[in-house]
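Subject: Structure handover

Hello,

I am passing on the structure below, followed by notes on what was found in it. Please read the notes with the model open.

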Amino acid sequence: SRPQFIEQNRTNPDRSSKICRGYLFVFCVSNLFIRRGVLWTPAGERSSPLRQKGQRTSRSLSFFAVGAIGTLILILGLLFLTPILQVLGAPQEITGGKTTLEYAREYTRFILISAPFMCMSFVLNNVLRAEGKAVLSMIGLIIGAVVNVVLDPILIFSLNLGVAGAALATIISQAVTAFLIIRFLLSKKST
């Protein structure tokens with residue numbers, strides 16, 4: 001049997017999309033702070049030992065700064081969750097005994113937990129690309145996407161978690177992507 005929310009909304013994609021407005025908030029805010037990550041590792045002069053030390057320092061700084069920004073997004077997002085979702089357009093429509101806003105809150109709470117991983121993934125992906133390791137960056141992103149696609153039906157339908165299952169699948173996939181990229185950066189393949 002399908003979760004009640006999915007069964008009642010399969011013909012109304014507009015109502016279903018309003019649940020994911022919190023993801024939009026996390027993505028936009030983290031992108032606002034982090035989008036310049038590609039500039040943190042200059043492409044030229046990679047062979048210089050002094051330059052390599054500077055790149056390692058830059059990567060470390062970006063890792064910890066991004067973790068702090070992600071944690072800040074998590075805390076502020078949880079504190080102001082309802083007003084943020086209302087500004088983003090999550091309505092008070094009743095769906096399956098709950099309002100759409102309640103579903104949006106449930107989904108967004110989980111998504112906010114993944115904000116530090118999401119932020120790390122954004123910046124560290126840019127660092128990998130700037131070092132000329134775009135293939136490794138792509139591998140990390142593809143593996144994370146596959147994990148999300150595989151976990152979604154398992155968590156939503158098999159475990160009957162509904163909206164929370166979709167959010168958990170996203171959290172797990174973001175964490176997998178972040179940890180893979182960190183592993184790539186710490187390996188000898190990275191400068």
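Is isoleucine 171 buried or exposed? Isoleucine 171 is buried, because its relative accessible area is 11%; buried means under 20% relative accessible area, exposed over 50%, and partly exposed in between, with a 1.4 Å probe and protein chains only.

On the source: this is a predicted model, in which local features need pLDDT of at least 70 and side-chain atom pairs count only at pLDDT 80 or more, while totals for chains, interfaces and linings use all residues. Residues are numbered from 1 along each chain as its sequence is written, and side-chain values use heavy atoms, with hydrogens and water left out.

The whole chain

The protein chain has 9 helices and 2 strands (DSSP runs numbered from the N terminus: helices are H or I with at least four residues, strands are E with at least two). Along the sequence the pattern is α-α-α-α-α-β-β-α-α-α-α. The chain has 191 residues, and 43% of them count as buried. Among its contacts (heavy atoms within 4.5 Å) with a separation of 6 or more, 73% are between residues 24 or more positions apart.

Helix α9

Isoleucine 171 belongs to helix α9, which covers residues 163–186. From first C-alpha to last, the 24 residues of α9 reach 35 Å, close to the 34 Å expected at 1.5 Å a residue (the expected span is 1.5 Å times one less than the number of residues). Of these 24 residues, 18 are buried, and α9 is mostly covered. Apart from neighbours within four places in sequence, isoleucine 171 is in contact with Phe110, Ile111, Ile113 and Ser114.

α7 against α9

Helix α7 runs from residue 115 to 130, and its axis comes within 9 Å of the α9 axis, crossing at roughly 35 degrees. Axes here are lines fitted to C-alpha atoms, for helices over the stretch in contact, and angles run from 0 to 180 degrees between N-to-C directions. The crossing is left-handed, meaning that the near helix is turned anticlockwise from the far one by less than a right angle. Residues making the contact include Phe117, Ser121 and Leu124 of α7 and Gln174, Ala178 and Ile181 of α9. By class, 13 residues in this contact are nonpolar, 4 are polar and none is charged (nonpolar: Ala, Val, Leu, Ile, Met, Phe, Trp, Tyr, Cys and Pro; charged: Asp, Glu, Lys and Arg; polar: the others, Gly among them).

Serine 121, in α7, is buried, with a relative accessible area of 3%. Beyond neighbours within four places in sequence, serine 121 is in contact with Leu141, Gln174, Thr177, Ala178 and Ile181.

α6 against α7

Helix α6 (residues 100–113) packs on α7 at an angle of about 50 degrees, with the axes 4 Å apart. The two helices are therefore oblique to each other (under 35 degrees is roughly parallel, over 145 roughly antiparallel, 65 to 115 roughly perpendicular, and the rest oblique). Ile111, Leu112 and Ile113 of α6 meet Ala115, Pro116, Phe117 and Met118 of α7. This contact has 7 nonpolar residues, no polar and no charged ones. In α6, 10 of the 14 residues are buried, among them Tyr103, Arg105 and Glu106.

Helix α8

Methionine 138 lies in helix α8, residues 134–158. Methionine 138 is partly exposed, with a relative accessible area of 44%.

Regards
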